[in-house]
Protein chains: 2
Amino acid sequence: MASLEDIGVSAFINILSAFAFLLAFALLRLQPINDRVYFPKWYINGGRSSPSPRRSANFVSKFVNLNFKTYLTFLNWMPQAVKMSEAEIINHAGLDSAVFLRIYILGLKVFVPMTVVALLILIPVNVSSGTLFFLRKDLVVSDIDKLSISNVRPKSIRFFVHIALEYLFTIWTCYMLYKEYDYVGKMRLRFLASQRRRVEQFTVVVRNVPHVPGHSLSDTVDHFFQTNHPDHYLSHQAVYNANKFAKLVRKRDRLQNWLDYHQLKFDRHPEKRLTIKQGFMGFWGERVDAIEYYKQQIKAFDKRMTLERQKIIKDSKSILPVAFVSFNSRWGASVCAQTQQSKNPTLWLTNWAPEPRDVYWRNLAIPFVSLSIRKLLISLSVFTLVFFYLIPIAFVQSLANLEGLERVAPFLRPVIELKFIKSFLQGFLPGLALKIFLYILPTVLMIMSKIEGHIALSTLERRAAAKYYYFMLVNVFLGSIVTGTAFQQLDAFLHQPPTQIPRNIGISIPMKATFFITYIMVDGWAGVAGEILRLKPLFIFHLKNMFLVKTERDRERAMNPGSVDFPETLPSLQLYFLLGIVYAVVTPILLPFILVFFALAYLVYRHQIINVYNQQYESAAAFWPHVHSRIIASLLISQVLLLGLLSTKKAANSTPLLVILPVLTLSFHKYCKNRFEPAFRKYPLEEAMAKDLLERTTEPDLNLKAYLADAYLHPIFQSFEVEEELVEVRVDKHESHIGSPSRTEPSSPSPPHYIYQTTLPPHYNNNQTSPPGYFYPPSSPPHYVYHYQVEA
Amino acid sequence: MASLEDIGVSAFINILSAFAFLLAFALLRLQPINDRVYFPKWYINGGRSSPSPRRSANFVSKFVNLNFKTYLTFLNWMPQAVKMSEAEIINHAGLDSAVFLRIYILGLKVFVPMTVVALLILIPVNVSSGTLFFLRKDLVVSDIDKLSISNVRPKSIRFFVHIALEYLFTIWTCYMLYKEYDYVGKMRLRFLASQRRRVEQFTVVVRNVPHVPGHSLSDTVDHFFQTNHPDHYLSHQAVYNANKFAKLVRKRDRLQNWLDYHQLKFDRHPEKRLTIKQGFMGFWGERVDAIEYYKQQIKAFDKRMTLERQKIIKDSKSILPVAFVSFNSRWGASVCAQTQQSKNPTLWLTNWAPEPRDVYWRNLAIPFVSLSIRKLLISLSVFTLVFFYLIPIAFVQSLANLEGLERVAPFLRPVIELKFIKSFLQGFLPGLALKIFLYILPTVLMIMSKIEGHIALSTLERRAAAKYYYFMLVNVFLGSIVTGTAFQQLDAFLHQPPTQIPRNIGISIPMKATFFITYIMVDGWAGVAGEILRLKPLFIFHLKNMFLVKTERDRERAMNPGSVDFPETLPSLQLYFLLGIVYAVVTPILLPFILVFFALAYLVYRHQIINVYNQQYESAAAFWPHVHSRIIASLLISQVLLLGLLSTKKAANSTPLLVILPVLTLSFHKYCKNRFEPAFRKYPLEEAMAKDLLERTTEPDLNLKAYLADAYLHPIFQSFEVEEELVEVRVDKHESHIGSPSRTEPSSPSPPHYIYQTTLPPHYNNNQTSPPGYFYPPSSPPHYVYHYQVEA
């Protein structure tokens, strides 16, 4: 139990560290050498480019900012961050980012009036003539508790003030949620309507295409949609199982990095001949010239890749039972995406195609039948992970103690035996396993989501966010309130009457207020300030810059602007909402801390979105229904817990009043779901038709077929896309299909014949190490970029 | 606790009463006078007609069967009932009935092997060296218990036999369910595919049409669908709020009945002048001639009805924001039914239109906004009804005791004071309230479903069935196992740990086996045998025949064949499945009783469906997903209860084995839902397109517009439908709309102008009492028929 002074000390430390982060950021961001770390978005947008080293007058000023005036106003990024209007942000960074920022604004809108009311009304109610003043101060009671509901005497009539405020806060939150849902829904529709023509508006992804013996998959798809959507079907794109190829690409890329590294080293010191050992991990084997070695390796890889690619294209088995089917109008695509196609409801499953950069190609190869099993297994795993995650950690901890360390690395023994180091390690090691676990948790959850088989990055991130939220809810929120591990809680819950659970949790809620205040300061304040500093990207960028970067393009690739990390930020945001709503009537003194978090995080993320992040995809705020429903869940949790708390205070006659509230809240949620959610799941025909008509009048002779022809080409073929010839060949092919709709001709089982051009286009000739068959197209496929991030 | 002998006696009594019912049925059905009660379906199908009284040689044989040979084989309806093949039944009575019968066959398929295995394996396992033999026989243990799981010693290894069988039975049930779902789904699709052209295949019901100022609703609908479904939209039919008119029709009909009654009386005894009192309920007022009085009343009513009808047609406010929109192809309708139309997802809500006779017109007038509130209120009411239904009954009972009766009717005092009658009443009256409640319960649940606002009779019946199932589950199944009222159970459940509940129920399950055996015999055996006797329709038919029937048509209307009473039969069927599945491993001796029920009920309902029932609508087995999921629920309940039971037997190490089973069962359910349910909810485009193409080739010059023009005309306009002129006028009107799609003309706010013909069509002139404006069309609208049933 912390006293007010303890809180003050903690606040001071955290404010100080947040301040230190901000100061460091202010200093670092002004150095030109860090420009690409702190303003990468502008480089990507084309707003900035590296100053040419030759032309610069002052060599030093290229790296260090010597204009000392700029140091004086080190917080001037804050007003800059606020300047940009919402419409500009949507243009600059997309709707996802703009709506993400709105969550923080929503937090402020919800909690500012709540804080004012709660502090003005509840603090006097709680403080005056409380019970706790009569108890001995050093017993169990902190100063904070005197401001909380714990201070009110049992059976007091004052609890009706709390109940009234719970009603008020619920109504206020619901009102704000309603307005926000309405606004975001409209934003989404406006955004979708204002978008230029986009391939995903015309395209539907079809899964589980049945295999018809004697017909190629491509013919089956053509035939099916020509029959069932005769007026709207345009063309389709087959999907190849290129996961093996993608793996080769990744490996080759790693070799390329090593080659670059050695090349650069050699360029700098031509007198030094670099050699490496050929064997495993470079630990043994014959010494050879490094550059030669890697060049050979890459050459061998290129050969393998060419073979593999040809195998993929030739082998009809590598065509997956998935296709991207394009229509000649948004209306046609919208109809196909929303309807059931086949008599067998597990075949010909249609859904909106994600935008091309949002497709997670690897999962398209997952057989459809295994999806439900995968989902079951993953839900079981998530349940296990949430409730039993401490078990494997304890196991690792038992291994990773000092004896284990000494056995593995006996040479460390003299160091370990030093008393100071020993005690440090003993205090540190057990915690380390937990820290590592929590650090890799988002990655684990993302891998789990991938195993579930979603085919869009946006869906993957939303699913990972949901899992992380459950973890946080059980282990951070409930786990902090109820002592013991989540597993012990689960066990206790199963053996308690259902009415006892909210009571048990309710009792301890006011006592944990100080813990959560500290949590908000450490995780919220300092964490957010750390986010703006970007220590890790800063470090990696300079490392890469030193060892790998040769060309301007290399430097661009080393930049790694990152993106809003939805799987982590959304759940923690939702946790703050939960804390604020739960404690609003219980310990209102917690609310100002939440407010500071929302305000600071808003500024920081606004700055990052404007200057740093580069979103991988645009889901048009598809995450909003989740945000909404989890805030509703927070309301429900707060109501049930307040009910439990009041029942321990023997304010039992207030129970009926509080039972109505969850019912009303749920009804509100259901209403919102019906009213707004379809805007996030479906694409109304009215909208589709309006855009179609507009386009038909403005661009009457648009060649949609050519526009859509290669939109969903698998990334491995993207490299050939630059060849005009290829595109034409494919378009011809499809036209010949439509020209002869009689399906009597024996359809050729051979895959589409591409004309492969093995010479490089002129603008890539500077990149000498590119293999004849593979190189990065102007905009490298997001597929690989993504893999780097995950496996890095 | 009943002994085996008690069960034997009970079985004997119930078999005897079932036998008596069957015998009575066999005797009654052979009498020609009852022919219309026991074979109405054949009259409706046109297979039989009343023997003309004049032509008959023997007058007596018209009423009584004098051929004594036929009495000897009084059970010969059974083989007759089995003779008809399933395909014939579908033709004869529709798919709903055929699939309904399949539920009984499914019951036999599930339980026959289960019974054999359970009796062969479990009885020896349970009986040998049981614990209960050592206890005193007269303590708490019945003979039945010796055959049950109670007889196995705690911690015995034999429980693994029970667990293995639970697995086996679950797998077997799931396998049968899977096969059946597959088969029924295919039957449904085949049935839909084989159907002739039907209006509902082309029609979509649109709810919540927005009001556009300055435009009539009809114009708004036309404009919207011409814009958004330009290639498919054909026409639409507005819906009028004619509920007030329908009430007048019902009142007028009652008057007509009284007139018929007096007319008939007068015809038989022309010398007697019938008079009635004019005042309230005929208790006071001036005496007038009855026939004249009713004729005048009917005349007055006709005037009111004409006025009301004109008001409805003239007043644009009586046009509801609902429309039946027809398309020129099944594909177009299917697309419209499955997609979202408007940006605002609460407007322009489309769904498949029910077939015209399935429409519950009255609910179309319910404002859409109130639907969610209605649903919330009704779910709360159902919850209250299920858990607190005993409270109002106790209240009524407290009023309806002897003192209350004496106060209301003092003249009864001398009778009541007789000791014999007093004790009889005191024993009887309290039970009476409960009996009355249970008797009116289905009606109450149906009214609740109606308040929920569903617009199809089939949906109403399914919703009522669901409510009845919850009631049975809580009050019959759980209520019999756990002592105390449902409310007390609820209270106990809330204050018990979740793990304790299945344990408490599990303990008492084996003890209640005898009760349920008796229940099966009374409710199942005797109840089903009573169903075939049709005592109530028999009574009412003869009553009507005596007092009201003048013409052949009157006799037909008096017939009331009824239909499969889904709201009652489905839930009780599901209860028998539950009992069978729960007791299969606990007290297998219960299974043969279930088997007898399924076999007997199958024969009885097959006979009734072939000879008696006349379905009001055809939902193409839309109830099957509910049947399936409730049997799955039964499996889950049985697994949880067995888990509870075994945990009291200290067979705790078996817990993990049993915990897996519900997870697997749920996964199976989810799989089935994905695999089969869409066939019951959606109409695949492939199917629609195939039928469209077929029709286009077979009937190239079909005038669909004329075919659909008045399909969904409100029943009050059905009387005019016979006029060719009207149809043409309406078609012309729509064509002119399509001809001029430019919406610049100020659309007239006046409703469609119908040409009203007030003369009667020739074939109705024999019905002299028909009002000039209203009469029954050849197929009287199901709307009114239905109301009679409910309000009778």
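This is a predicted model: local features need pLDDT of at least 70, side-chain atom pairs count only at pLDDT 80 or more; totals for chains, interfaces and linings use all residues.
**View 1. Chain A as a whole.**
Let's start with an overview of chain A, which has 34 helices and six strands. Of the 792 residues in chain A, 53% are buried. The accessible surface of this chain comes to about 36,500 Å², and carbon and sulfur atoms account for 64% of that surface. Now think about which residues touch each other: among contacts in chain A between residues at least 6 apart in sequence, 82% join residues at least 24 apart.

Three residues to look for are Gln340(A), Lys343(A) and Glu686(A), which supply 17% of the area that chain A buries against chain B, more than any other three residues. In terms of residues, 40 from chain A are in contact with 41 from chain B.

Side chains of opposite charge can pair when their charged atoms come close. Across the interface of chain A and chain B there are two salt bridges. In one salt bridge, Lys343(A) is paired with Glu687(B), and the closest N and O atoms are 3.5 Å apart. Polar contacts can be counted as well: 13 residue pairs are in polar contact between chain A and chain B. Which helices of chain A each supply at least two residues of the side that touches chain B? They are helix 10 (217-228), helix 13 (330-338), helix 20 (486-494), helix 28 (655-676) and helix 30 (685-698). Helix 28 of chain A gives the largest share of that side, with five residues.

**View 2. Pro678(A) and its contacts.**
You will find Pro678(A) in helix 29 of chain A, which covers residues 678-681. Leaving aside its neighbours within four places in sequence, Pro678(A) is in contact with Lys673(A), and also with Gln340(B) and Pro345(B). For a sense of distance, take Lys314(A): Pro678(A) and Lys314(A) are 364 residues apart in sequence, and their C-alpha atoms are 42 Å apart in space.

Arg102(A) and Glu86(A) meet through their side chains in a salt bridge of 3.0 Å, N to O. Arg102(A) belongs to helix 7 (residues 95-127) and Glu86(A) to helix 6 (residues 86-93), and the two residues are 16 apart.

The side chains of Lys109(A) and Glu180(A) form another salt bridge, at 3.6 Å from N to O. Lys109(A) sits in helix 7 and Glu180(A) in helix 9 (residues 159-194), so this pair ties together parts that are 71 residues apart in sequence. Lys109(A) is partly exposed at 31% relative accessibility, whereas Glu180(A) is buried at 2%. Salt bridges that share partners join Glu86(A), Arg102(A), Lys109(A) and Glu180(A) into one network.

**View 3. Two more side-chain pairs.**
Glu200(A) and Arg198(A) form a salt bridge, with the closest N and O atoms 2.6 Å apart. Glu200(A) is buried, with a relative accessible area of 15%. Look next at Ser218(A), a residue of helix 10 of chain A. The side chains of Ser218(A) and His236(A) are joined by a polar contact of 3.0 Å. Ser218(A) counts as buried because its relative accessibility is 12%.

**View 4. A nonpolar patch on the surface.**
Our last stop is a nonpolar surface patch of about 470 Å², made by Phe539(A), Ile540(A), Leu543(A), Met546(A) and Phe547(A). Phe539(A) is found in helix 23 of chain A, which covers residues 535-547. Is Phe539(A) buried or exposed? Phe539(A) counts as exposed because its relative accessibility is 56%.

Conventions. Residues are numbered from 1 along each chain as its sequence is written. Chains are lettered from A and ligands numbered from 1 in the order in which they are written. Side-chain values use heavy atoms; hydrogens and water are left out. Patches are made of residues with over 30% relative accessible area and no salt bridge: like charges are joined within 9 Å, nonpolar side chains (Val, Leu, Ile, Met, Phe, Trp, Tyr) within 5 Å. Accessible areas come from the Shrake-Rupley method with a 1.4 Å probe; for residues, only the protein chains shown count as cover. A salt bridge is a side-chain nitrogen of Lys or Arg within 4 Å of a carboxyl oxygen of Asp or Glu. Helices (H or I, at least four residues) and strands (E, at least two) are DSSP runs, numbered from the N terminus. Buried means under 20% relative accessible area, exposed over 50%, partly exposed in between (1.4 Å probe, protein chains only). Contact means heavy atoms within 4.5 Å. Buried area is the accessible area (1.4 Å probe) that two parts lose on being put together, summed over both. A polar contact is a pair of N or O atoms within 3.5 Å; within protein, one must be able to donate a hydrogen and the other to accept it, and residues adjacent in sequence count only if both atoms are side-chain atoms.
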